[in-house]
Amino acid sequence: MNLEIGSPLTVGLILFAVIITGALLITVERRLLGFWQERLGPNRVGWFGSLQVVADMIKIFTKEDWIPPFADRFSFVIAPGIIMSVVLLSFAVIPFAPNIGVIDSNIGVLFVLAMASLGAYSVMLGGLSSDNKYALLGSLRAAAQMVSYEVFMGISLLGVVALAGSFNLREIVEAQADGWYIIPQFIGFVIFLIAGVAESHRLPFDIPEAEQEICAGYHTEYSGMKFGMFFVAEYVGLVLISSLITVLFFGGWLGPTFLPPIIWFAIKAFGFIAFFILMRAAVPRPRYDQLMTYGWLFLLPLSLVNLLVTGVIILSTQ
Amino acid sequence: MIKLIVDTLLSQVRTLWLVFMKLFQKKDTVEYPDQQPYMFPRWRGRIILSRDPDGEERCVACNLCAVACPVDCIALQKGEMEDGRWYPEFFRINFSRCIMCGFCEEACPTNAIQLTPDFEMAEYVRQDMVWEKEDLLINGTGKYHDYNFYRVAGKKIEGKDKGEALNEAAPVDVRSLLP
């Protein structure tokens with residue numbers, strides 16, 4: 001098997017692996033959440049619940065795909081498609097291993113940030129076209145959250161970009177051969193982690209779809225596979241954020257040579273996925289205004305200071 | 001201010017750590033169909049009709065259970081044997097109505113109707129929740145092993161005249177009391 005960047009085989013494998021991982025995460029998350037809440041989670045289907053995802057998929061595919069008569073049909077239908085395609089497109093620039101990837105783009109970081117911003121359209125359109133007060137509130141919150149979080153999400157990455165001297169994710173990984181950026185960019189890492197949680201609408205920042213407050217937020221009116229697209233896109237987004245953290249701060253595929261690079265990448269990324277699930281199990285959701293205040297008044301200045309200090313250190317050591 | 005921020009952050013980290021350690025704790029889940037719970041003998045579950053030690057039906061069709069039932073789920077019809085015993089011609093319990101309150105068991109003068117610790121009574125068809133006498137009758141005495149109503153009661157049946165029951169005095173001949 002000859003894998004190289006951009007060959008149809010590689011692209012197909014990446015697409016397949018990402019979607020399968022996203023679907024499997026539904027089961028993995030339910031199991032892990034169960035363990036962390038002193039339950040067992042779903043363990044009846046297949047070996048230790050491994051076939052639960054098949055059951056879930058059969059269920060979600062056979063559900064009635066209903067469009068409410070009061071909804072705006074066009075944007076209602078395209079909204080789930082946008083988020084799914086945008087999240088999958090982001091994987092184009094992720095370097096999984098030296099020979100595995102879709103494109104070797106020299107604007108990788110910018111591309112990922114741009115795609116993350118486009119994802120906001122899906123959430124906003126979905127909530128707006130549903131013509132439902134909960135959905136509208138959810139998309140309103142999503143829009144405000146996106147606006148406040150993408151600012152310092154980008155700024156927190158600039159430290160890494162400055163250290164590596166490149167926007168190319170592949171070069172950023174190779175620049176970490178002598179030391180992962182988690183050490184010089186620890187504050188940047190923490191800020192990006194928080195922004196990543198907010199970006200992928202995971203607890204504790206799942207304010208756009210807070211079940212206890214506003215039903216299911218922007219996807220209240222969705223059913224069947226349209227809901228499934230939102231659902232799987234959330235998990236694929238989780239994989240994306242975990243991969244990004246791995247690439248930017250934890251040396252991507254780098255690791256001792258007794259395992260192939262792709263395995264190192266998978267181990268690191270899965271560690272972060274498990275951490276995201278742990279956060280969902282442990283941390284309560286903040287109030288809406290607390291989130292905004294925290295973002296604008298604390299994390300934005302902190303990320304700017306981090307960038308400033310990084311710049312000073314780089315200039316002084318040259 | 002700094003202390004507040006640090007305390008808040010450490011509290012979050014501590015939360016995450018404590019929840020993570022739950023991974024190695026014993027789980028609270030009881031895996032029910034594989035792991036059956038202990039059912040206490042006096043649990044009020046599925047209703048049965050018991051037989052006396054001689055193997056006859058205990059129920060004498062007195063209707064007290066049907067009267068006591070708060071949801072009217074018991075229906076029965078009295079019949080009479082040739083030897084004078086009463087028995088239910090049919091005895092029907094609608095378990096889709098039954099609330100397992102146990103009033104019927106308390107009302108029963110012959111210990112015939114009893115509640116058992118069985119609770120697994122789910123059915124796919126609602127009509128299957130209606131149990132007839134054949135379904136309710138068991139081949140044992142239930143909770144009371146020695147009790148036999150006709151042996152202790154004053155009711156006259158074939159082979160046992162008035163006054164012949166256990167601990168029963170012979171009936172007083174009122175005419176002999178005349179002066």
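What share of the contacts in chain A with a separation of 6 or more comes from residues 24 or more positions apart? The figure is 76%, with two residues taken as in contact if their C-beta atoms, placed from the backbone, lie within 7 Å. This is a predicted model, in which local features need pLDDT of at least 70, side-chain atom pairs count only at pLDDT 80 or more, and totals for chains, interfaces and linings use all residues. Residues are numbered from 1 along each chain as its sequence is written, while chains are lettered from A and ligands numbered from 1 in the order in which they are written.

Chain A has 11 helices and zero strands; helices (H or I, at least four residues) and strands (E, at least two) are DSSP runs, numbered from the N terminus. Its C-alpha trace spans about 65 × 50 × 40 Å along the principal axes. The radius of gyration of chain A is 20 Å, which agrees with the value near 20 Å for a compact globule of 318 residues; it is taken over C-alpha atoms, and the globule rule is 2.2 Å times the number of residues to the power 0.38.

On to the cores: a nonpolar core is a set of buried Ala, Val, Leu, Ile, Met, Phe, Trp, Tyr and Cys residues joined through C-beta atoms within 7 Å. The largest one holds 86 residues, and among those touching the most other members are Ile83(A), Val239(A) and Ile273(A). Helix H9 (residues 224-249) of chain A supplies the largest share of this core, 15 residues. Leaving aside residues up to four places away in sequence, Val239(A) touches Val18(A), Thr21(A), Gly22(A), Ala269(A) and Ile273(A). A second, separate core of 20 residues includes Val60(B), Ala61(B), Cys73(B) and Cys108(B).

Where the chains meet, 11 residues of chain B are in contact with 10 residues of chain A.

Asp72(B), in the loop between helix H2 (64-68) and strand E2 (74-80), has a positive phi near 55° without being a glycine. Asp72(B) counts as exposed because it has 10 C-beta neighbours inside 10 Å. Met100(B), also not a glycine, has a positive phi of about 55° and sits in the loop between strand E3 (86-94) and helix H3 (103-107). With 15 other C-beta atoms within 10 Å, Met100(B) is partly exposed.

Methods:
Buried ≥ 20, exposed ≤ 12 C-beta atoms within 10 Å, placed from the backbone.
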